[in-house]
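Work through the exercises below with the sequence and coordinates open. Each task is followed by a solution in steps.

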Amino acid sequence: MNPTATTRLLVVSGIVVALVGVIDAAIGGEWDLFVLFMTTFAIATALGLRFESRRPAIPIRRDLVAWLRDRSSISGEPLSTVADRAISTYADRYGVVAEADEARQ
């Protein structure tokens, strides 16, 4: 799943709701509800932290996603590995953007 702004908003909203539930259950002495909200808070926080990786989300066309999935299923490699190889092959073939900018000058 690519971390779009909408997805991040939903995860952050879930974290906030779970935190409010944890606090309310703790104040009210509802310990079973406290554990339930605490577990939800932990899962939502883990998901939110997973979004904050160093890899940027790059939206691509549907037909290219289908091609990547097909190549991934044929080779047995993760989708991200196939995408990395495709982009690096493109960069090797057509050159890096910085090199192209230097050639123009």
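**Exercise 1. Helix H1**

Task: State how many residues H1 has, compare its reach with the expected value, and list its buried residues.

Solution. 
Step 1. H1 covers residues 5-28, which gives it 24 residues. From first C-alpha to last it reaches 34 Å, close to the 34 Å expected at 1.5 Å a residue. The model is a predicted one.
Step 2. Seven positions need to be picked out by accessibility: Thr7, Val11, Ile15, Ala18, Gly21, Val22 and Ala25 are the buried residues of H1.
Step 3. The cover over these buried residues includes helix H2, residues 31-51.
Step 4. After H1 comes Gly29, with a positive phi near 75 degrees.

**Exercise 2. The two sides of H2**

Task: Determine how the buried residues of H2 are arranged around its axis, and what they pack against.

Solution. 
Step 1. H2 has 21 residues, and its first and last C-alpha atoms are 30 Å apart, close to the 30 Å expected at 1.5 Å a residue.
Step 2. Ala44, Gly48 and Phe51 are buried in H2.
Step 3. Viewed down the axis of H2, the buried residues fall within an arc of 45 degrees, so they line one face of the helix.
Step 4. Trp31, Asp32, Ile43, Leu49 and Arg50 are exposed on the other side of H2.
Step 5. The packing partner of the buried residues of H2 is H1.

**Exercise 3. Valines on H1**

Task: Find which residues make the nonpolar surface patch of about 250 Å², and classify Val16 and Val20 by accessibility.

Solution. 
Step 1. The patch is made by Val12, Val16 and Val20.
Step 2. Val16 is in helix H1. Its relative accessibility is 47%, so Val16 counts as partly exposed.
Step 3. Val20 also lies in helix H1. Exposed means over 50% relative accessible area; at 52%, Val20 therefore counts as exposed.
Step 4. Val20 can also be placed relative to Phe37: the two are 17 residues apart along the chain, and their C-alpha atoms are separated by 8.7 Å.

**Exercise 4. Helix H3 and the residues after it**

Task: Locate Ser72, decide whether it is buried or exposed, and list its contacts beyond four places in sequence.

Solution. 
Step 1. Ser72 sits in helix H3, which runs over residues 62-75.
Step 2. The cut-off for buried is under 20% relative accessible area. Ser72 has 12% relative accessibility, so it counts as buried.
Step 3. Leaving out residues up to four places away in sequence, Ser72 touches Glu77, Pro78, Leu79 and Val82.
Step 4. At 22% relative accessibility, Val65 counts as partly exposed.
Step 5. Leu79, one of the contacts of Ser72, is 14 residues from Val65 in sequence, with a C-alpha to C-alpha distance of 9.1 Å.

**Exercise 5. Salt bridges**

Task: How many salt bridges does the structure hold, and how accessible are the residues that form them?

Solution. 
Step 1. Side chains of opposite charge can pair when their charged atoms come close. The structure holds two salt bridges.
Step 2. One joins Arg61 and Asp63, whose closest N and O atoms are 2.9 Å apart. Arg61, at 53% relative accessibility, counts as exposed, whereas Asp63, at 45%, counts as partly exposed.
Step 3. Another joins the side chains of Arg85 and Glu77, at 2.5 Å from N to O. Arg85 is partly exposed, with a relative accessible area of 40%. Glu77 counts as partly exposed at 26% relative accessibility.
Step 4. Glu77 is also among the residues that Ser72 touches.

**Exercise 6. The whole chain**

Task: Summarise the secondary structure, burial, contacts and surface of the protein chain.

Solution. 
Step 1. The protein chain has five helices and zero strands, and reads α-α-α-α-α along the sequence.
Step 2. Of its 105 residues, 13% are buried.
Step 3. Take the contacts between residues at least 6 apart in sequence: 38% of them join residues at least 24 apart.
Step 4. The chain exposes about 8600 Å², of which carbon and sulfur atoms supply 62%.

Technical notes: Residues are numbered from 1 along each chain as its sequence is written. This is a predicted model: local features need pLDDT of at least 70, side-chain atom pairs count only at pLDDT 80 or more; totals for chains, interfaces and linings use all residues. Side-chain values use heavy atoms; hydrogens and water are left out. The expected span of a helix is 1.5 Å times one less than its number of residues. Buried means under 20% relative accessible area, exposed over 50%, partly exposed in between (1.4 Å probe, protein chains only). Contact means heavy atoms within 4.5 Å. The arc is that of the directions from the helix axis to the C-beta atoms. Patches are made of residues with over 30% relative accessible area and no salt bridge: like charges are joined within 9 Å, nonpolar side chains (Val, Leu, Ile, Met, Phe, Trp, Tyr) within 5 Å. Accessible areas come from the Shrake-Rupley method with a 1.4 Å probe; for residues, only the protein chains shown count as cover. A salt bridge is a side-chain nitrogen of Lys or Arg within 4 Å of a carboxyl oxygen of Asp or Glu.
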